[in-house]
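The sequence and structure come first.

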Amino acid sequence: MRNSRKVYARPDLCTGCRSCEIACAVEHSASKELLSALFESPPPRYRMDVQAVNGVKLPVNCRHCTEPDCLFACKSGAISKDLKTGEVQINLAKCVGCWMCVMVCPFGAVSPDMDRAKATKCDLCTGSASGPACVQSCPTKALIYGNADEFNAWRQP
Amino acid sequence: MTKTNKSADPATISAHDHARQLDVATAWERHETMLPLCAFGDLGLCCTICYMGPCRIDPFSKEDLRGACGADRNTISARNFTRAVSAGTAAHSDHARGVCHTLLDTAKGKAPGYQVSDPVKLGKLATELGIKTENLSQVDLAAKVGHFLTDEFGKQDGTLAFLKRAPKVQQERWERAGVTPRAIDREVVECLHRTHEGVDSDYRSLILSAARCALADGWGGSMIATELQDVLFGSPRPVRSKVNLGVLKADCVNVVVHGHEPVLSEMLARAAREVEILDYAKSKGAAGIILAGICCTANEILMRQGMPVAGNFLQQELAVTTGAVDSMVVDVQCVMPGLAGVAKHFHTKLITTSNKARIAGVDHVPFEERHALETARRILRSAADNFCRRDPARVDIPPQSMDLVAGFTAENTFHHLGGTYRGSYRPLNDGIMAGRLRGVVGVVGCNTVRVQHDYNHLAIVKELLKHDVLVVETGCAAIACAKAGMLTPEAALEFAGKGLQEICAAVGIPPVLHMGSCVDNSRILIACCEMVREGGIGDDLSQLPVAAVAAEAMSEKAVAIGLYAVASGITTFFNPAPRVLGSPEVFNYLTAGLEKDFGAHWVFDSDPHKIAQGVIEHLDAKRAALKLHPMLYPVEMSRTA
């Protein structure tokens, strides 16, 4: 599991500009293009957000937990964990919108999409060749897509 | 190293490749380090007006999100837009103020070297402004006209004098909409006041005030600049010259002037022809002196002096990276601060001359009218000295240069169309009414790294010519078309439709008329007024089969020009869109809502072929509303991708 890759953030580099949120929404829009995405209905949603507590800013997204509470709480079997990659994904076809996962997530990383009646969270932009859009968009490079060792090496001064 | 596809101009591509080989970063490379662009800023949803913020609105939220003060997305984007328009107006108008002062100094005898070069135009202006001309010497007349127009900036009563040039119906439209500009500075100041924290928050009222400010640019600042530059330096006449980086010569002292004001560059043009200066250059081993321009300074000395043009906005750094420019003399506007870093890689001496525009670490030679000619000589001599320091191994001048004809104005087009003794817009209006010409379109504006350099200008103009549209151009768009050979009369045969060819052949004009710099967009307004006055195609500007296109817009000045065109009844196609896309209400107001007040609107589209198609449909709709003849010749519909 130590080799599973996810999006890590460095609060010391985050300026709180929220560019990652916009990039996330655009990546999950139908057109995948900012100007067209503006006119989509229902509007695209981002699956992460930048939180600020006591002056510390941090983009928060799904931690793809080793023992995901959301997975155990899901009554319809929509949430699964890939034991090889470590990714936790929601199968939208199975999601019934009961919001159990939303309630149990300790990070607040799952949110209810009322327009579509589905739970949404970071899917690591699976299918995008250039990797997670938030990482691409960050102007201060406060986000990294990698495994725990890569993150530790990166955050050392 | 892969070939760049950043430009449609081969000279630019090869110069850019050369720069990359030498590891010199230009605007394109710097732009890449800025990607991805901040979406909040790009959409106009970032507000930095007060110090509770910065605030930004999530464009995808369905909630009625507000900034700290309660401003919603409409207020925020409309305020940002209004501020851009005021800055653009301020730029053109402060340029105009400088020209006014030069005229006044000339009249007072404080500016040796300057003179009234077009006394006829001065006399006409005086009559128009209600100044009695009898028993007045030329100097006194210049002083009176200079004072009158200087007062336009700060007067406390009345409205701008040149508004009376517009058709009566147009003036009434402005009155009804409450956008008649009072004084130039006042409109800029009022816009800054309105957009201050906690003042105007209604997006419609903000945008109408921006329209009034923009009109103070088009019918005020820009128009004054054009008129008085004509008075001081002579009204342009058609001239032949050359364009593109290939005008620089390896064996000559190359001096490039860049910026917007002709006040110093006219003196440089004069000094560059002086025998002593030429001899000095020759004594340093050079074959001669090439004085070439970039941006609108280029257009100004091209129009009046026939000086060659080295390139447009995105070529400013590439002129330096040819390694062959001994001195680059810059004044104001569109001068990239990045030039200083690029010039450090070469022997090129960069010189700032305006006290309003200095660059840290760059030599500043303050320009004052009373020493103008002497300053010009000094600059040229130091360039000749610098010629000796040129490193031939680093010189790579692209071979491309193209012939062009420039120098068209609202007045002399008159003569071309009707002949010297019966100058008239009749042939133009007749051509439109008979269906030979579909209409007249102004293709103007800048370059931007967000669009392939020159590509949109060329694609749109080619399409318009094919559809029998007479194109008038200014600024960097004109230089783009000149580089592609579209400013020669011969080009009519290659690009123009049959009806346009007939008109061009009968009158002897190119199908694309170069009308000058960006303040010279005021010439296009006057030409439109003349078309209305000639009759048969509408009572105000909004009924004419005309349009404006700025498809590679970059500056706040471009936004101001776009808005005064729309507020003057000319529908304007603009790309990239000003920063208003984050507010659907403001977007709709600009692209549709303004139609009610002005009979024109903005169109935001990024595809040049769709823009051309849109322009043609717009002209056809105007023609249909006027019940004009159908077009005489069908267009072979071979739309190129």
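In this predicted model, 12 residues of chain B are in contact with 17 residues of chain A. The area buried between the two chains is about 1,400 Å², and carbon and sulfur atoms give 70% of that area. On the side of chain B, Phe40(B), Arg56(B) and Phe60(B) supply 43% of the area that chain B buries against chain A, more than any other three residues.

| Between chain B and chain A | Count |
|---|---|
| Salt bridges | 1 salt bridge |
| Polar contacts, both residues at pLDDT 80 or more | 4 residue pairs |

Helix α3 of chain B, residues 39–42, gives the most to the side of chain B that touches chain A, with 3 residues, and the residues of that side divide into 8 nonpolar, no polar and 4 charged. Which side chains meet in a salt bridge? They are those of Asp115(A) and Lys62(B), with an N to O distance of 2.3 Å.

Turning to the sheet, chain B holds an open sheet of 6 strands in the order β13-β12-β11-β14-β15-β16, with parallel pairing. Strands β13 (512–514) and β16 (602–604) of chain B stand at the edges, and because each has a single partner strand, one side of each is left without a neighbour in the sheet. From one strand to the next, the twist averages 20 degrees. Within this sheet, strand β11 (residues 439–443) of chain B pairs with strand β12 (residues 469–473) of chain B in the parallel sense over 5 bridges, and Val443(B) stands opposite Glu473(B) in β12(B).

Note on methods: Residues numbered from 1 in each chain as written. Chains lettered and ligands numbered in written order. Heavy atoms only, no water. Pairing = 2+ DSSP bridges. Helix = DSSP H or I, 4+ residues; strand = E, 2+ residues; numbered from the N terminus. Axes fitted to C-alpha atoms, helices over the stretch in contact; angles between N-to-C directions. Contact = heavy atoms within 4.5 Å. Buried area = accessible area lost by both parts, 1.4 Å probe. Salt bridge = Lys/Arg side-chain N within 4 Å of Asp/Glu carboxyl O. Polar contact = N/O pair within 3.5 Å; in protein donor to acceptor, adjacent residues only side chain to side chain. Nonpolar A, V, L, I, M, F, W, Y, C, P; charged D, E, K, R; others polar.
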